[in-house]
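Subject: Handing over a structure

Dear colleague,

I am passing on a structure for you to look at, and below it you will find an account of what turned up when it was examined. Please keep the picture open while you read, so that you can find each part as it is named.

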Amino acid sequence: MSEIKIGVITASDRASKGIYEDISGVAIQDTMKDYLVSKFEIVYRCIPDEQDVLEETMKELCDEEGCCLVVTTGGTGPALRDVTPEATENVCEKMMPGFGELMRQVSLQYVPTAILSRQTAGIRGKSLIINLPGKPKSIRECLDAVFPAVPYCIDLIEGPFIETNEDVIKAFRPKAK
Ligand SMILES: Nc1ncnc2c1ncn2[C@@H]1O[C@H](COP(=O)(O)OP(=O)(O)OP(=O)(O)O)[C@@H](O)[C@H]1O
Ligand SMILES: Nc1nc2c(c(=O)[nH]1)N[C@H]1C(S)=C(S)[C@@H](COP(=O)(O)O)O[C@H]1N2
């Protein structure tokens with residue numbers, strides 16, 4: 001078993017019912033394989049846009065599975081059933097608003113509707129939770145922007161040391177004094 005566990009949660013009514021294939025959840029897993037040279041294990045869940053189910057799943061992946069990073073996709077917009085940011089805020093002790101700010105800013109280069117995503121991030125215990133939009137192409141657009149700061153964030157919350165493939169994505173760690 002590897003020391004590093006990464007949680008992937010797809011919040012989609014239709015993907016969870018099998019009406020469409022979960023392309024976005026798979027895209028997160030493929031992106032992690034591309035980025036990381038450290039050995040890691042994926043813990044994957046595909047669930048409907050229900051706030052209580054989302055909260056329970058986030059808690060399970062952080063507290064029971066011990067994932068240092070949990071990446072969600074879907075449910076960040078203004079629609080009635082979009083509740084992923086609310087679930088994230090409810091389970092986190094600290095919010096990390098810089099992640100959402102940067103992802104929206106970068107996403108505006110691709111779509112004017114980027115401002116409709118309320119995507120955020122936060123810390124639960126020793127886990128970082130990051131929300132991504134539901135659209136498959138948004139996964140790489142958003143992760144490429146914020147991932148350089150993720151390994152150092154995980155260092156600061158006493159998680160495992162994550163090494164990236166620097167030809168693909170370079171982690172930034174401020175030099176020790
Ligand atoms: N996990 C996914 N895999 C593949 N395509 C997706 C996924 N999530 C969203 N999409 C695509 O992006 C579009 C917009 O996503 P959005 O999250 O708004 O879906 P939605 O209308 O809330 O429905 P649902 O919750 O059933 O996915 C969807 O109509 C679908 O084409
Ligand atoms: N990078 C990126 N961000 C994006 C998008 C996208 O295609 N690429 N789609 C936007 C759209 S159309 C919506 S409605 C919101 C919320 O999407 P969600 O409800 O699927 O999470 O994310 C936005 N952010």
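Before we come to the sheet, one term is needed: two strands are said to pair if DSSP finds at least two bridges between them. Please also bear in mind throughout that this is a predicted model.

With that term in hand, you can trace an open sheet of six strands, whose order is β2-β1-β3-β6-β5-β4 and whose pairing is mixed. Its edge strands are β2, covering 40–47, and β4, covering 94–95, and each of them pairs on one side only. In general, the strands of a sheet pair through backbone hydrogen bonds, and they do so in either a parallel or an antiparallel way. The partner of β4 is β5, made of residues 121–124, and these two run in the antiparallel sense, joined over two bridges; within this pair, M95 stands opposite G122 of β5.

If neighbours within four places in sequence are left aside, V146 is in contact with F99, L102, M103 and I130.

Is Y35 buried or exposed? This residue belongs to helix α2, residues 23–35, and it counts as buried because it has 22 C-beta neighbours inside 10 Å, where the cut-off is 20 or more. Not counting residues up to four places away in sequence, Y35 touches F147, T164, N165, V168 and I169.

Ligand 2 is surrounded by 19 residues, the closest being T76, G77, S107, S117 and G134. Helix α6, residues 136–146, provides the largest share of that shell, namely four residues, and by class the shell around ligand 2 has six nonpolar, nine polar and four charged residues.

With best wishes

Note on methods: Residues numbered from 1 in each chain as written. Chains lettered and ligands numbered in written order. Predicted model: local features only at pLDDT ≥ 70, side-chain atom pairs only at ≥ 80, totals over all residues. Buried ≥ 20, exposed ≤ 12 C-beta atoms within 10 Å, placed from the backbone. Contact = placed C-beta atoms within 7 Å. Near = placed C-beta within 6 Å. Nonpolar A, V, L, I, M, F, W, Y, C, P; charged D, E, K, R; others polar.
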